[in-house]
Amino acid sequence: MGLPPLLIPPKKNQPLARKCSFGMGGTVELFLTLSNTAELKTILAWLKAEGRPWFLLGRGTNLIIPDRALKGVILQLGGTFKEITPKKAHRLSVGAGAGDLALARKARSLAFSGVEFLGTIPGSIGGAVYMNAGAHGHELAEVLEWAEILTPEGELLQLKPQELQMGYRSSLLQSTRCICLRAQVRLSLSNPSKIAAQEKKWQQQRRISQPTQARTFGSLFKNPPEDHAGRIIEALGFKGKQFGHCRISPIHANFLENLGGATFKEVWRATKRIQAAAQQQMGVTLIPEAETLSLQPSLSPCNLSLFCAK
Ligand SMILES: Cc1cc2nc3c(=O)[nH]c(=O)nc-3n(C[C@H](O)[C@H](O)[C@H](O)COP(=O)(O)OP(=O)(O)OC[C@H]3O[C@@H](n4cnc5c(N)ncnc54)[C@H](O)[C@@H]3O)c2cc1C
């Protein structure tokens, strides 16, 4: 079966380094940008019928991407998935392809408070739901009213944070092949200059404490309970250490910087060395926060009702 027509033309053998914040990766056979839910559903049905492996890319800010030529299809949400629409009582409906920064900006323009913390996170809303993204003592689950989810069977569900099992940098989306289409956040009316001042303060804090000028994928590891991955990595003596073309940031040890031309093998080696040292010397298991991009075929039906009430 031929590829169904799409509003945005498909791209073949697309280089991936420009599609991710770390600036690494080979190419993908086919890269598709989907403009609306109908296109997404059509393409998912086509992928299933063709048995082609695929991966849904957000903004690529939390991904380790292999260097080789990947066989299969990468999907990204564009078009109507980037829309942000005000709703009654200080709510915003936001497409999963919209940026966290765009949502923070829109909320500020309407004097809505509650997503200022997203003003420092460079991912997409879909990625933020998937990760329950958070910063500065806040996380998305606090303001998320519901997320609209497309299951592998093509069913649309509106799930609340509890039903999405949102925890520390985790959600149900990580163990299913469900796709977040949009989210609704409930905010409160505030003062625009107060909102702007809060965002500015957090952005300044980042500039001082994190390598904001470097290419990274955010935190390399999740924080273990009651501790900080950065503190552990620094105590193990890795801060500033170079692994080929990448190095553990001299500014914040839980960030890996791409110095230019970092390879998958180098990133892998750095990650494994730190994990082994943390385990052997401190008895701490460090779990990577960044995910390795892997194209997988469509799943057989997953029964979401097992996990949550509809
Ligand atoms: C400089 C920098 C700072 C960062 N700071 C923070 C921080 O403070 N807090 C924090 O939590 N994170 C932070 N991150 C990490 C990252 O921005 C977040 O995890 C973000 O939520 C990932 O979103 P993304 O769109 O880039 O997802 P991607 O990296 O593209 O993908 C990550 C995963 O999300 C899945 N995904 C993406 N969209 C959808 C969707 N619509 N439906 C289902 N699954 C989807 C992908 O399939 C993939 O499995 C930072 C990253 C960088 C580069």
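**Briefing: overall form and charged residues**

The chain has 310 residues, for which a compact globule would have a radius of gyration near 19 Å; the value here is 20 Å, which agrees. The model is a predicted one. Along the principal axes, the C-alpha atoms occupy a box of roughly 50 × 50 × 35 Å. The chain contains six helices and 18 strands, and 49% of its residues count as buried.

**Salt bridges**

- Side chains of opposite charge can pair when their charged atoms come close.
- Seven salt bridges are found in the whole structure.
- One of them joins Arg108 and Glu199, whose closest N and O atoms are 3.0 Å apart. Arg108 belongs to helix 2 (residues 100–109) and Glu199 to helix 4 (residues 192–209), so this pair ties together parts that are 91 residues apart in sequence.
- Glu199 is buried, at 4% relative accessibility, whereas Arg108 is partly exposed, with a relative accessible area of 29%.
- Glu145 and Arg186 also form a salt bridge, at 3.0 Å from N to O. The pair links strand 11 (residues 144–150), which holds Glu145, to strand 13 (residues 179–186), which holds Arg186; the two residues are 41 residues apart.
- Glu145 counts as buried at 15% relative accessibility, while Arg186 counts as partly exposed at 44%.
- Asp227 pairs with Arg231, with 2.8 Å between the closest N and O atoms. Arg231 is partly exposed, at 46% relative accessibility.

**Surface charge**

- Lys241, Lys265, Arg269 and Arg273 form a positive surface patch.
- Within this group, Arg269 is located in helix 6 (residues 264–282) and is partly exposed, with a relative accessible area of 42%.

Definitions and conventions: Residues are numbered from 1 along each chain as its sequence is written. This is a predicted model: local features need pLDDT of at least 70, side-chain atom pairs count only at pLDDT 80 or more; totals for chains, interfaces and linings use all residues. Side-chain values use heavy atoms; hydrogens and water are left out. Patches are made of residues with over 30% relative accessible area and no salt bridge: like charges are joined within 9 Å, nonpolar side chains (Val, Leu, Ile, Met, Phe, Trp, Tyr) within 5 Å. Accessible areas come from the Shrake-Rupley method with a 1.4 Å probe; for residues, only the protein chains shown count as cover. A salt bridge is a side-chain nitrogen of Lys or Arg within 4 Å of a carboxyl oxygen of Asp or Glu. Lys and Arg count as positive and Asp and Glu as negative; His and the chain ends are not counted. The place of a charge is taken as NZ of Lys, CZ of Arg, CG of Asp or CD of Glu. Helices (H or I, at least four residues) and strands (E, at least two) are DSSP runs, numbered from the N terminus. Buried means under 20% relative accessible area, exposed over 50%, partly exposed in between (1.4 Å probe, protein chains only). The radius of gyration is taken over C-alpha atoms; the globule rule is 2.2 Å times the number of residues to the power 0.38.
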